[in-house]
Amino acid sequence: MSILDMTAVELAAAIKNKEVTVKEATLAVLEQIEKKESAYHCYVTVDKEGALKKAQEVQEKIDAGELTGPLAGVPVAIKDNMCTEGLLTTCSSRILGNFVPTFSSEAVLNLEKAGAVILGKTNMDEFAMGSTTETSAFGETKNPWNPEHVPGGSSGGSAAAVAANECFYALGSDTGGSIRQPASFCGVVGLKPTYGTVSRYGLIAYGSSLDQIGPLCKDVTDCATIMEVIASHDLKDSTSVEREDTDFTSALVDDVKGMKIGIPRDYFGEGLDPEVKAAVLKAAQQLKEKGAIVEEFDLSLVEYAIPTYYTIAAAEASSNLERFDGIKYGYRTEDYNGLHNMYKKSRSEGFGAEVKRRIMLGSFVLSSGYYDAYYLKALRVKALIKKAFDEAFAKYDVILGPVAPTTAPKLGDSLSDPIKMYLGDIYTISVNLAGLPGLSIPCGVDSKGLPIGLQLIGDCFMEKKLIQTAYAYEKARGAFGRKEEN
Amino acid sequence: MANIITDETIEYVGILAKLELSEEEKEQAKKDMGSMLDYIDKLGELDTAGVEPMSHVFPVNNVFREDVVTNGDDRENILKNAPEEKDGMFVVPRTFD
């Protein structure tokens with residue numbers, strides 16, 4: 001097997017067994033990046049020098065027996081909204097076009113402690129606002145399955161990099177589906193953990209009550225292994241949860257006998273592409289054949305999730321993005337007349353259209369006179385949505401459905417109508433509102449040759465049930481993926 | 001469209017958001033915000049009387065710690081990304097005359 005076709009766990013094992021060196025693996029993936037970037041543009045920044053230097057250091061620690069973990073020596077890509085010390089971190093925005101952090105995010109530090117080699121920073125929708133990676137200030141990323149199509153978003157660069165063998169795994173962040181949807185569009189595995197499981201320290205905030213970091217990777221084994229490394233209780237993130245059940249790889253068990261799986265009828269109505277529907281229901285059938293108890297049910301409130309999300313996310317974004325003022329870091333306009341004019345001009349020139357749209361909406365729904373009617377109303381509906389999930393999880397271990405209503409749209413087709421783009425998030429968004437874990441795993445390819453994603457949703461802290469179900473499904477499904485030319 | 005966003009509203013929101021929009025952007029923002037609010041108005045269909053607004057999904061408590069300084073002087077790092085600095089301070093435009 002070529003190095004590039006290995007999963008992260010396979011590569012780490014090969015390194016441990018001295019079949020491959022960290023340098024060989026790093027050079028192989030850097031060469032792949034060089035070959036493929038002009039076609040796909042997965043990265044904002046590739047740190048060739050840093051990666052090779054790190055590869056040497058990690059190899060020495062592995063040889064000395066200091067690094068023995070299941071990811072030691074494996075090259076990884078990081079979404080460009082996670083701070084990396086000494087390495088440009090732009091959020092794919094002009095306003096952070098020159099920002100070199102002086103510290104690393106906790107999730108990145110956890111990876112480094114486990115012997116990760118950071119290859120670079122992946123492209124994304126600007127400030128993670130978008131579903132296609134087209135709102136990036138540095139150009140769009142293309143879907144390796146068909147470069148005329150988007151990779152999804154906002155973690156589109158991370159998902160495409162995994163699909164194109166331009167990394168062995170990647171970190172993404174998910175505020176309304178930004179890990180699961182690009183994973184689905186690019187035919188890779190993605191997990192958005194329970195809110196609070198992975199520290200948000202050093203993650204540039206979009207919607208703080210919804211943001212979670214998680215893995216994008218080649219299979220479920222990698223997914224569980226990466227989760228074990230990045231999950232941590234962090235006092236620097238006041239919403240970080242202390243968990244003792246983070247032995248996620250213990251759930252890699254090929255057994256779903258008696259697993260109660262609920263299929264929400266509301267996820268299979270109008271707007272769902274028939275090919276996506278057929279592939280997802282076939283996956284449910286395969287799980288049933290392996291002994292899972294599969295039932296349909298009514299989740300309710302599904303059509304209210306998107307307006308609730310956009311109210312809350314825009315409100316939090318408008319507040320979080322106040323920090324970009326042209327004083328402490330980032331872009332400052334050339335010509336200005338006084339302090340307030342400097343703020344306004346720096347921000348207006350630094351932010352792109354979608355970011356401005358959400359800041360404006362957020363400022364409006366938080367303004368006096370509208371706060372109760374819009375913002376508090378959305379928080380009340382969020383409570384109802386959470387309750388609907390609580391009721392579902394009283395009956396089911398796992399909820400199964402599609403990740404997105406369609407496969408990856410063509411480049412340029414989504415941005416013209418924001419609400420249409422937002423509707424694509426209908427199956428992923430409520431998971432963030434309720435703080436739940438959600439996993440995306442490929443379950444087929446449509447007639448256009450584009451991958452289809454299956455979504456598994458669990459109750460809070462029930463990642464292991466998702467991993468177990470996904471692992472059992474993966475075994476039934478068999479190998480998946482297009483063959484990337486290396 | 002049920003929600004008509006006036007020029008005054010856009011001006012006001014622009015002040016809150018610290019954004020300076022061009023005339024063209026303002027027109028687009030009026031349209032976009034109007035249609036988003038029409039869409040958000042769908043939440044009005046739900047009776048939420050007696051439902052507490054949920055800001056956190058878990059019952060989170062304030063995280064307390066002892067008021068002890070743990071970080072050292074980090075001035076150099078803090079200023080590293082400043083667009084303009086002088087004598088270990090951020091430079092800002094004149095604020096008072």
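This is a predicted model: local features need pLDDT of at least 70, side-chain atom pairs count only at pLDDT 80 or more; totals for chains, interfaces and linings use all residues.
**View 1. The contact between chain A and chain B.** In this view, 51 residues of chain A are in contact with 38 residues of chain B. Five helices of chain A each supply at least two residues of the side that touches chain B: H9 (305-320), H10 (339-350), H11 (353-366), H12 (371-395) and H13 (418-423). The most is given by H12(A), with eleven residues. By class, the side of chain A that touches chain B consists of 26 nonpolar, 14 polar and eleven charged residues.

View 2. A:Pro193 lies in the loop that runs between strand S5 (189-192) and strand S6 (212-217) of chain A. A:Pro193 is classed as buried because 29 other C-beta atoms lie within 10 Å, the cut-off being 20 or more. Leaving aside residues up to four places away in sequence, A:Pro193 touches A:Val198, A:Gln212, A:Gly214, A:Met227, A:Ala231, A:Pro437 and A:Glu463. A:Cys460 is 267 residues apart from A:Pro193 along the chain, and the C-alpha atoms of the two are separated by 8.7 Å.

**View 3. Helix H5 of chain A.** Helix H5 (residues 156-163) of chain A is mostly covered, and eight of its eight residues are buried. The buried residues in H5(A) are A:Gly156, A:Gly157, A:Ser158, A:Ala159, A:Ala160, A:Ala161, A:Val162 and A:Ala163. Just after H5(A), A:Asn165 adopts a positive phi of about 55 degrees.

Methods
Residues are numbered from 1 along each chain as its sequence is written. Chains are lettered from A and ligands numbered from 1 in the order in which they are written. Two residues are in contact if their C-beta atoms, placed from the backbone, lie within 7 Å. Helices (H or I, at least four residues) and strands (E, at least two) are DSSP runs, numbered from the N terminus. Ala, Val, Leu, Ile, Met, Phe, Trp, Tyr, Cys and Pro count as nonpolar, Asp, Glu, Lys and Arg as charged, and the others, Gly among them, as polar. A residue is buried if 20 or more other C-beta atoms lie within 10 Å of its own, exposed if 12 or fewer, and partly exposed in between; C-beta atoms are placed from the backbone.
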